[in-house]
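Subject: Structure for you to look at

Hello,

I am handing over the structure below. Please read the notes after it with the structure open.

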Amino acid sequence: MLKAYRDHVAERAALGIPPLPLEAKQVAELIELIKNPPAGEDAFLLDLLTHRVPPGVDDAAKVKASFLAAVAHGDIQVSLISKSKATELLGTMVGGYNVHPLIELLDDAEVAGVAADALKKTLLMFDFFNDVASKAKAGNAKAQEVMQSWANAEWFTSRPEVDKKITVTVFKVPGETNTDDLSPAPDAWSRPDIPLHYLAMLKNTRPDAAFKPEEDGKRGPMQFIDDLKKKGHLVAYVGDVV
């Protein structure tokens, strides 16, 4: 699994785009490796589990959340991930399959504080809000902390303030920009793969533009945009978008 993934990373890097997130089957294989880690791969395995699995309700997220929940509950012991770390990682999954395990962990004194901190920053609760409220009414101190944190909007007030001044680098695109310039219909097949589809943006030569497609009709001015990013500021697309 690791060799295939590294080959995939190299192929995508050659195109100038990041690797695809892991699919459910790959996550299942990754978990088996985490249970019995090959020598020297500990950090890489944890990085894959932490950063390369989609959050939310993706099938891969379900596999990840189920595994982390089992570790956090103590049903599975692995050398690379403690109960506390598993709970912390559950808290990074935004919402979906991670929410129910986090609520259950409010009753586990060992990790209740970690679970509460995670839930305080989780907004996609839906009906699970009622489960936290019920625990709070029943006297669970950590559930009460979560409810008070939501009431105080700490998920928002704890974030850094917006900069009073934002400097941007202008990416000026002459002429009109329509949907087909940004997401060409002939490349619709790649739309589910956003980084790959991005390569087709502005792939056709535009008169009077300061940039040229890297391959007219196939690949847009990716290096030109990358060079703008290297100036260290946000890049602002400036043009007549219709």
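The model is predicted, so local features need pLDDT of at least 70 and side-chain atom pairs count only at pLDDT 80 or more, while totals for chains, interfaces and linings use all residues. Residues are numbered from 1 along each chain as its sequence is written, and side-chain values use heavy atoms, with hydrogens and water left out.

Domains

The protein is divided into domain 1 (1-158) and domain 2 (168-239); the bounds come from an automatic or database domain assignment. Five residues from domain 1 and five residues from domain 2 make the contact (heavy atoms within 4.5 Å). The C-alpha centres of the two domains are 35 Å apart.

Between them, domain 1 and domain 2 bury about 400 Å², with 62% of it on carbon and sulfur atoms. Buried area here is the accessible area (1.4 Å probe) that two parts lose on being put together, summed over both. On the domain 1 side, Arg12, Leu15 and Ile17 lose the most area to domain 2, together 77% of what that side buries.

One salt bridge is found across this interface (a side-chain nitrogen of Lys or Arg within 4 Å of a carboxyl oxygen of Asp or Glu). Separately listed is a salt bridge between the side chains of Asp193 and Arg12, at 2.6 Å from N to O. The side of domain 1 that touches domain 2 has four nonpolar, no polar and one charged residues; Ala, Val, Leu, Ile, Met, Phe, Trp, Tyr, Cys and Pro count as nonpolar, Asp, Glu, Lys and Arg as charged, and the others, Gly among them, as polar.

Leu90

Leu90 belongs to helix H5 (residues 83-90); helices are DSSP runs (H or I, at least four residues), numbered from the N terminus. Leu90 counts as buried because its relative accessibility is 0% (buried means under 20% relative accessible area, exposed over 50%, partly exposed in between, with a 1.4 Å probe and protein chains only). Beyond its neighbours within four places in sequence, Leu90 has contacts that include Ala65, Leu68, Pro101 and Leu105.

Most residues other than glycine have a negative phi. Leu202, not a glycine, has a positive phi of about 55°, and Asp208 has a positive phi near 70°. Leu202 is in the loop between helix H12 (194-198) and helix H13 (222-229), and Asp208 is in the loop between H12 and H13. Leu202 is buried, at 2% relative accessible area, whereas Asp208 is exposed, at 76%.

Regards

Note on methods: Helix = DSSP H or I, 4+ residues; strand = E, 2+ residues; numbered from the N terminus.
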